[in-house]
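Trainee: Please take a close look at a single part of this model and tell me what surrounds it. After that, go on to some of the helices.

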Amino acid sequence: MLKALANTSIEVIISVTNNEVLGIGESPSAAADWVNRNVAAYMPGVNITAIAVGSEVLTAIPNVAPVLVPAMNYLHKALVASQLNHQVKVSAPQSMDVIAKSFPPSTATFNSSWNSTIFQILQFLRNTNSYYMLNAYPYYEYVHSDGIFPIEYALFQPLSAVKQIVDPNTLFHYESMFDALVDATYNSIEALNFSDIPVVVTETGWPWAGDSKEPDATKENAETFNNNLIRRVSNDTGPPSQPKNPINTFIYEMFNEDKRPGPISERSWGIFSTNGSEVYPISLGSPGGISGNSSRAFCVAKPGADENKLQDGINWACGQGHANCSAIQSGQPCYFPDTLQNHASYAYNDYYQRMRSLGGTCDFDGTATMTTQDPSSRTCKFTGSSSPGGGVFPPAAFGPIGQISRSSTTRSPVFVRTVVVLLALLMLDVNVHFVF
């Protein structure tokens, strides 16, 4: 995946697994080896901007807590030795459970049992100009609130006059639980006499399915939460106490983790299923969402391009590229002329129009080119065309469509890179990213 993300400019955070934290925290050489293998080996091609040391180590594996800060220090020193410390920051994601009481945000403080370790973490973050990584889940906060907070508050939905959420000490009005959790974290940091340490939300989301005891884990709520979250963080403002600090956020998660143990919700956080099909639609910051209108530029196959490469391009675009290729099936309006050139042009263009705002390119192993000439015909309308009947995206089709392939495909690195760019979706302004 790191190789596939090379030369895309997408910002990448890579994680030290919880199983690795202990070894790295006890051995500077292990930290140096980890940095050399997982960071230095892929730079500058891959735009790695941070290392996340573990996942919620203090609450998930508290026995490892004594070596968490040493692990962070050893990794930072390894970055310094590789002259990468100015580009790559080190931090450690923590859950909201390290905060004793998150509401009201103005009086929030870290759990005193973790004060010593968290103080050292904050000291490290300040000294290295890094940021605090927060995993904040309004879903869990809402479920555990036992009805104290309305669900609209958790889903970024408007609150009626009688349901307004106000901090009694600051009189700040909180329009969403998400903002309150971020503010609670800022205030907890300030309670330990630290300031100017930004908070980045490294995980947030909402499950789309649950068992009988999880009635609020629904597709409708998940879609509402994530779409409203994107609108919220895309306005470049912070929470009430930090209005000038935009909330950089990662949505958890890109794919369902279908092997996770526990209740159904544990396996139901993904925007996509494990086979790549969309669980529910998500709007990526433009009026038309993923399927917004395109400009009058088209991606088509180059005349005289190698036929094997054209077939590979069709296979990829109509498969992992998620292009809707139903129109070039036998009996459909774009099937004729029945040539690789024609079918490739339609598939390439449909992929490009859908995904160009997400990093999709018009290359296809050198077999594609851009044109301003509308390739549509009287019966076949290309995606993005302003001709009658054009200009509207057909329904998304995930996975291979029908039997249009004439041969099997071996995806080139260019194709692999493009699909990973698509799956990453890391270029929504600077504030919205995905965990996968």
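**A strand residue and some helices**

Mentor: S95 lies in strand β4 (residues 94-95); strands are DSSP runs of E with at least two residues, helices are runs of H or I with at least four, and both are numbered from the N terminus. This is a predicted model, in which local features need pLDDT of at least 70 and side-chain atom pairs count only at pLDDT 80 or more, while totals for chains, interfaces and linings use all residues. Residues are numbered from 1 along each chain as its sequence is written, and side-chain values use heavy atoms, with hydrogens and water left out.

S95 counts as buried because its relative accessibility is 5%; buried means under 20% relative accessible area, exposed over 50% and partly exposed in between, with a 1.4 Å probe and protein chains only. Beyond its neighbours within four places in sequence, S95 is in contact with E56, T59 and N135 (heavy atoms within 4.5 Å). With T59 there is also a side-chain to side-chain polar contact at 3.4 Å; such a contact is a pair of N or O atoms within 3.5 Å, and within protein one must be able to donate a hydrogen and the other to accept it, with residues adjacent in sequence counting only if both atoms are side-chain atoms.

Turning to helix α11 (residues 340-355), its 16 residues should span 22 Å at 1.5 Å a residue, and its end C-alpha atoms are 22 Å apart, so the two agree. The expected span is 1.5 Å times one less than the number of residues. Helix α11 is mostly covered, with 15 of its 16 residues buried.
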